[in-house]
Amino acid sequence: MAYFKLTTNKPALSYKCNEIMEFSVQARSNCTDIACRFIKWEIRTDDGKYETGFGSCEEGKPLKLTASLSRPGFVRITCTAFNGEYAADSSFDVLEAGAGAEIEKLTYCDTVPEDFDEYWQDIEKLVENFDCQATMWNDISYNAKKGFKAYDVRISTPEGRPASAIVSIPDKEGTFPIKMVFNGYSVEGSRLIMYADDTIVAFVNAHGIENDITKTECILKYTDLSGYGFNETENESNMTTYWRGMMIRDLIATKYMKTLPQWDKKNLTVSGGSQAALQSTTVAAHDKDVTFLDIYIPWFCNLAAENNGYMGGWRPKFKEGLRYFDTVAQATRVKCPVKMEVRLGDYCCPPSTTVTLYNAFDCYKHMTVVQSGTHSYVPPEREEFHFVYDPQNPDGQVKKGKYRHFKGNEYEVIYIGFDSESCENVVVYKALYGQNDIWVRPEYMFREKIFKNGEFISRFEYID
């Protein structure tokens, strides 16, 4: 499959407002330049501009485009190959890519409602006081991989529909971390058995419906779930919106999993992408035992953004009741470490909204931004940008001195350098063992925390 590769004249997320962004678009196949005679290009911006036209590229002679932004936000570049008949060429992937200006200044286009905490405290008390029970615990270990037991589980809730999940548990003595995995927007159960080494994994379906029927059967049986969460009348109130019941089920499922005797009572991860990122962030905001939030392509962020002139995505229309469920509002209550991935070509979940989510977290956070990735597509040649914030080191400085790597060896940081190709800071450090080898690592990676054996730890810990 042929594709387009976009490059910029400087790192794509380092521009200032009103600075000219220069884009080069080259047709590629198997990481090699090729020609494309007809390219329809479009440029849209978060300050309301739109341009379109046709161009071409040859080997080593890319299509050149420019854009700028008058306010913090993003430029969206779309390129579609056309054949000699002036029809879209299906042998090429469509390019969805972009760049950002002063993205660290993107802020919530709404305010958290004054009674937000009161509303959620009532839900937390409802969950806490409800005596949830497993109304079904079917052993499906005959489908599990070696070393695990698996179960189809249904849990009572105060909401009406039960919570339901597929649960895998290591088949050995001991206690283990729990990982709650949620599902994206769909009308289906959690038919997959998910695994993680030495970890209990619960794959929770969003609706409390059966896990053992097909997606088609679910759609035919649960016609009331068609277009769930988009009903504007329901979304006028935080008491009638569909999202209320979903989040109660998720919190109940998490509460029940913590009653399992195999839980280590220390480590609890919530994880998922798209709608599941909304669910994970909500659970992390309202369950104090969550120790790690791991999300990607997060949905439902900054729902009022379109009303403020930002490029839109696919999500419910902004309504009063949804203000209590916006992923950005939930992020303001998250205290555990966060890792997230967003994509510059994702206009189901526009980057202006997902980066606003990152900015809203006030805890350790690490964001990976993928150039030319969409909601469902990652490009063959992956370019990433990384952002790390640690409240214990808010300036992000790596001091010179001695550090201990999480595997035990000690090193001395001797310089902070600059990579001329990626334009990112790098740490130059010396091994304090063996031949005293010199190492170089991107600064964000040197500073980041990693998840190991159920715990979130620093890759390098400063010791002197």
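**View 1. F23 stands opposite L65 in β6.** Strand β2 (residues 21-29) and β6 (residues 63-67) pair in the antiparallel sense, over five bridges. Strands here are DSSP E runs of at least two residues, helices are H or I runs of at least four, and both are numbered from the N terminus. Two strands count as paired if DSSP finds at least two bridges between them. "Buried" means under 20% relative accessible area, with over 50% called exposed and anything in between partly exposed (1.4 Å probe, protein chains only).

A quick note on the model: it is predicted, so local features need pLDDT of at least 70 and side-chain atom pairs count only at pLDDT 80 or more, while totals for chains, interfaces and linings use all residues. Residues are numbered from 1 along each chain as its sequence is written, and side-chain values use heavy atoms, leaving out hydrogens and water.

**View 2. Helices α1 and α3 cross at roughly 45 degrees.** The axes of α1 (residues 116-129) and α3 (residues 242-257) come within 10 Å. Each axis is a line fitted to C-alpha atoms, for helices over the stretch in contact, and angles run from 0 to 180 degrees between N-to-C directions. The two helices are therefore oblique to each other: under 35 degrees would be roughly parallel, over 145 roughly antiparallel, and 65 to 115 roughly perpendicular, with the rest oblique. Who meets whom? Y119, W120, I123, L126, V127, E128 and N129 in α1 meet R244, M247, I248, L251, I252 and K255 in α3, where contact means heavy atoms within 4.5 Å.

**View 3. Five strands make an open antiparallel sheet.** The order is β22-β21-β20-β19-β25. At the edges sit β22 (438-442) and β25 (460-462), each pairing on one side only. Inside the sheet, four bridges join β19 (residues 401-405) to β20 (residues 410-418). Zoom in on K402 and you'll find its bridge partner in β20, E412.

**View 4. Helix α6 is mostly covered.** How many of the ten residues of α6 (residues 351-360) are buried? Eight are: P351, S352, T353, T354, V355, T356, L357 and Y358. Among the elements covering them are the strands β7 (73-82), β15 (292-298) and β16 (338-343), plus the helix α5 (327-331).
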